[in-house]
Amino acid sequence: MSAVSYPWPGVIRRYAEFLPVTAETPVVTLLEGNTPLIPVPSFVAAIKGRFDLYLKYEALNPTCSFKDRGMTMAITKAKERGAKVVVCASTGNTSASAAAYAARAGLRCVVLLPQGKIAAGKMAQALLHGATTVSIEGNFDDALRIVRELGESGLVEVVNSVNPVRIEGQKTAAFEICDTLGDAPDFHFLPVGNAGNITAYWRGFKEYHAAEKADTLPRMMGWQAAGAAPLVLGHPVENPETVATAIRIGNPASWQGAMDAARESDGRIRSVTDEEILYAYKLLARTEGLMVEPACAAALAGLIHCVGTGEIPDGSLITATMTGHGLKDPDIAVKVAGFSPIVVPANREAVMAVMNL
Ligand SMILES: *Cc1c(COP(=O)(O)O)cnc(C)c1O
């Protein structure tokens, strides 16, 4: 019998020297990570940029978002500690990932979601993987508050990014970018919701720099939705609203981490409107054939904004995280596309007629 070989071992085994694990740690992995860094020259031309842009396409993780990088760590450490039940609050992707990794580990999973504000695909994932799925009559911030209270009881393991090992796992995306490019980029753009990811990327870039695996550090450019922009406003937002449900968060858990990343890197955290988000979402789909979640498009809308203000030097090397897959939210895609299939009789002439040939 020939052995099956897995060239990519998942982020924990690949980057073990940078993570809080030992040789005895019972690694729970779906072989997440190793996602492509895709050049998007047509998109850059369309926005009249004079730089190189690469998208870290995190949609190609096992549950189709970057959350899997943190979740492999969180579920692994929960298993190592002998936890039986894991719990999280989520705008959708954390719950999808927690449900999948808990199923893989044989742990019970409970997810708390803001009622009516979860993209259909994400809800489907939590339900299919067998998580106890609870709709809270409130928003994400309410759900996270309850989860924190449950965590204090000591009966459950919280796998939100308030759990520090989530951030540890997520920083591996920055390592991969440096490994692929041979150095850090000049700028890194990403959407910001609960702010765990910008905290994680900055930590990853700094650790790789300290380990002499990258010569430079990027400027961190974080983007919130205008209706959910507490970090830009400088105070929590009571009723956050945005079409980008993954970043519909009014009181980010990693507030300080995000502010530190922006300050230390000479970066920025700013906001874009829903209109700008959906414009960028559609433009990427039309120019490059890439489908991302609306939240990802906040980073692209931010880049368009920066082209307008002239603050990106010509020839810069830019990366941006595409945090989740557009298929999670097909309702938005159909709405933004702006037209429906054309119905015709089943013959060639009818099809030719609509082709204008
Ligand atoms: C979780 C998530 C974000 C926001 O990341 P934070 O770490 O909460 O800032 C952005 N986009 C998608 C698709 C997400 O799932």
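## Threonine 199 in helix H9

Threonine 199 has its place in helix H9, residues 196-210. Helices here are DSSP runs of H or I with at least four residues, strands are runs of E with at least two, and both are numbered from the N terminus. This is a predicted model, in which local features need pLDDT of at least 70, side-chain atom pairs count only at pLDDT 80 or more, and totals for chains, interfaces and linings use all residues. Residues are numbered from 1 along each chain as its sequence is written, and side-chain values use heavy atoms, with hydrogens and water left out.

Is threonine 199 buried or exposed? Its relative accessibility is 12%, so threonine 199 counts as buried. Buried means under 20% relative accessible area, exposed means over 50%, and partly exposed lies in between (1.4 Å probe, protein chains only). The side chain of threonine 199 reaches the backbone oxygen of alanine 195 at 2.7 Å.

## The ligand and its shell

How many residues surround the ligand? There are 16, and the closest are Lys67, Asn93, Asn194, Ala195 and Thr323. A residue is near a molecule if one of its heavy atoms lies within 4 Å of it. By class, the shell has seven nonpolar, seven polar and two charged residues. Ala, Val, Leu, Ile, Met, Phe, Trp, Tyr, Cys and Pro count as nonpolar; Asp, Glu, Lys and Arg count as charged; the others, Gly among them, count as polar.

Now the polar contacts. The term means a pair of N or O atoms within 3.5 Å; within protein, one must be able to donate a hydrogen and the other to accept it, and residues adjacent in sequence count only if both atoms are side-chain atoms. A side-chain N or O atom of asparagine 93 is 2.7 Å from an oxygen atom of the ligand. Asparagine 194 uses a backbone N or O atom, 2.8 Å from a ligand oxygen. Glycine 196 also places a backbone N or O atom by a ligand oxygen, at 3.2 Å. The protein covers 96% of the 380 Å² of accessible area that the ligand has on its own.

## Helix H8

Helix H8 spans residues 172-181, and seven of its 10 residues are buried, so the rest of the structure largely encloses it. Which residues of H8 are buried? They are Thr172, Ala173, Ala174, Phe175, Glu176, Ile177 and Cys178. Glycine 182 follows H8, and its phi is positive, near 85°.

## Two residues with positive phi

Most residues other than glycine have a negative phi. Leucine 31 is not a glycine, yet its phi is positive, about 60°. Leucine 31 is in the loop between helix H1 (11-14) and strand S1 (37-39). With 32% relative accessibility, leucine 31 counts as partly exposed.

Lysine 48 also has a positive phi, near 60°. Where is lysine 48? It lies in the loop between helix H2 (41-46) and strand S2 (52-57). Lysine 48 counts as exposed because its relative accessibility is 67%.

## Distances across the chain

Threonine 29 lies in the loop between H1 and S1. At 10% relative accessibility, threonine 29 counts as buried. Threonine 29 and valine 351 are 322 residues apart in sequence and 48 Å apart in space, C-alpha to C-alpha.

Arginine 270 lies in strand S9, residues 268-272. Its relative accessible area is 21%, so arginine 270 is partly exposed. Arginine 270 and aspartate 186 are 84 residues apart in sequence and 18 Å apart in space, C-alpha to C-alpha.

Key:
Areas by Shrake-Rupley, 256 points an atom, 1.4 Å probe, with all protein chains shown as cover.
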